Amino acid sequence: MKAERSKVTIGVCGGIAAYKSVELVRLLQDAGYDPHVVMTAAAEEFVRPLTFAAISGHKVITSLWSEEAGTGSVEEDPTGEHSSVEHIQAAQSTRLLVVAPATANMLAKFAHGLADDFLSTMYLATTAPVIVAPAMNVKMWEHPAMQANVATLRARGVKVIEPGSGYLACGMVGGGRLAEPTAIVAAVTEILAETSSDEQGEGRDFGGETVMVTAGGTREAIDPVRYIGNRSSGRMGYAVAEAARRRGARVVLISAPTGLACPAGVERVDVVSAEEMRTAVLARLGEASVVVMAAAVSDYRVKTVATQKMKREGSPAVSLELESTADILREVVARRAAGTLVVGFAAETEDVVANGRAKLQRKGVDAVVVNDVSKDGIGFDSERNAGSFLTKDTAIELPVQSKAKMSERILDEVLKLRVGALR
Ligand code: CTP
């Protein structure tokens, strides 16, 4: 359910598509939101601040500096001048920041943390969800530098509304057109619906916690093009990350390769091999109050990785010598700070509960989510899962359900441990 007249901030950058932001502001008002506009200096070359001020009924912010700020204002500034921390106030009071059109320059600034104007400064200062709707020449959009910046932002939980295809102002045809304002409003509504229960104080039981989640299946190189992998899709870990974020936690998701989009508001760290995952997990362990290790980590890696692609010719059969990878979960348990809860996952194909319990003891974790991966339709590479949540004294059955629902159950149980634990 959408809250009444939520404040949303529209960041408008300089581009031909800036005129479409006028319609966006109107549509957001129609949808019941209270849009406020921030413009870059370049945006003013395309649309006058007065247009946005008149439509939104609010002062339009155009600069970090007070003497220039508020151009086109139709709203009284009670102090008569703008505070030097206006960007902080704006960043804190908005429920969402949507940048449309987002230029290549602004996306690069966001990706690298530059803060030389109001919008880029506000981006750094806000903890609200961020949506960007890029618009630019197709070649600029496709440039590897641009795509790397977009990937960085996605990994940080920024929602990117892909530009559409069609005629571009530069005369070319292709991707790079600003998404339709209706599509941008739909994304705003979707994200705010997800967070609205949080704002109303419901389901914020993970507020103040930092949850680190591992997800996906690691890949161990054989040669430059081949690897040893496993069937993990990453869905279970991503579902836990998303649920924890929705319930108010700060979430760090250490992810092996998956085809999944980073959940909004979650910080993702991409890794490939077990060793990379180990390094990333241990580097961030100090921040975590809860660790959920849902990744399928390879137990072995190739001892000597071939530097060149291995050739079939002259090698009718090959043997790969494997060596053990580090047990990340064990290291986490050994190095965690007092009070940090650690939940492991156990994929078993036989004697599921007994093996799960043995693993719980062996690894010294607070709980193990054990699932039977021998059954079709649940567990690995599927939408649903089932299993048991084991602690040293309890075994809670988790019946077949979506991974999203199962995540909620797991977090419910984690919370009980948190409340019950006096370390
Ligand atoms: N795990 C880990 N590091 C590894 C292997 C596993 O951190 N090198 C973690 C997994 O993320 C999971 C738990 O340990 O949370 C159990 O993984 P699983 O593969 O079931 O256990 P193993 O220790 O590998 O035991 P086995 O394969 O013998 O069942």
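The model is predicted: local features need pLDDT of at least 70, side-chain atom pairs count only at pLDDT 80 or more, and totals for chains, interfaces and linings use all residues. Residues are numbered from 1 along each chain as its sequence is written, and side-chain values use heavy atoms, without hydrogens and water.

Start with helix α1 (residues 18-30) and helix α2 (residues 49-56). Helices here are DSSP runs (H or I, at least four residues), numbered from the N terminus. The axes of α1 and α2 come within 10 Å and cross at roughly 10°. Axes are lines fitted to C-alpha atoms over the stretch in contact, with angles from 0 to 180 degrees between N-to-C directions. α1 is therefore roughly parallel to α2 (angles under 35 degrees count as roughly parallel, over 145 as roughly antiparallel, 65 to 115 as roughly perpendicular and the rest as oblique). Among the residues of α1 that meet α2 are Val-22, Val-25 and Arg-26. On the α2 side, Phe-52 and Ile-55 are included. Contact means heavy atoms within 4.5 Å.

Now move to helix α4 (residues 104-112) and helix α7 (residues 144-155). Their axes come within 9 Å and cross at roughly 50°. The two helices are therefore oblique to each other. In α4, the residues meeting α7 include Leu-107 and Phe-110. Met-146 and Leu-153 are among their partners in α7.

16 residues surround the ligand (a heavy atom within 4 Å). The closest are Met-293, Ala-295, Phe-345, Lys-359 and Lys-363. A polar backbone atom of Met-293 is 2.7 Å from a ligand oxygen atom. For Leu-329, a backbone N or O atom lies 2.8 Å from an oxygen atom of the ligand.

Conventions:
Polar contact = N/O pair within 3.5 Å; in protein donor to acceptor, adjacent residues only side chain to side chain.
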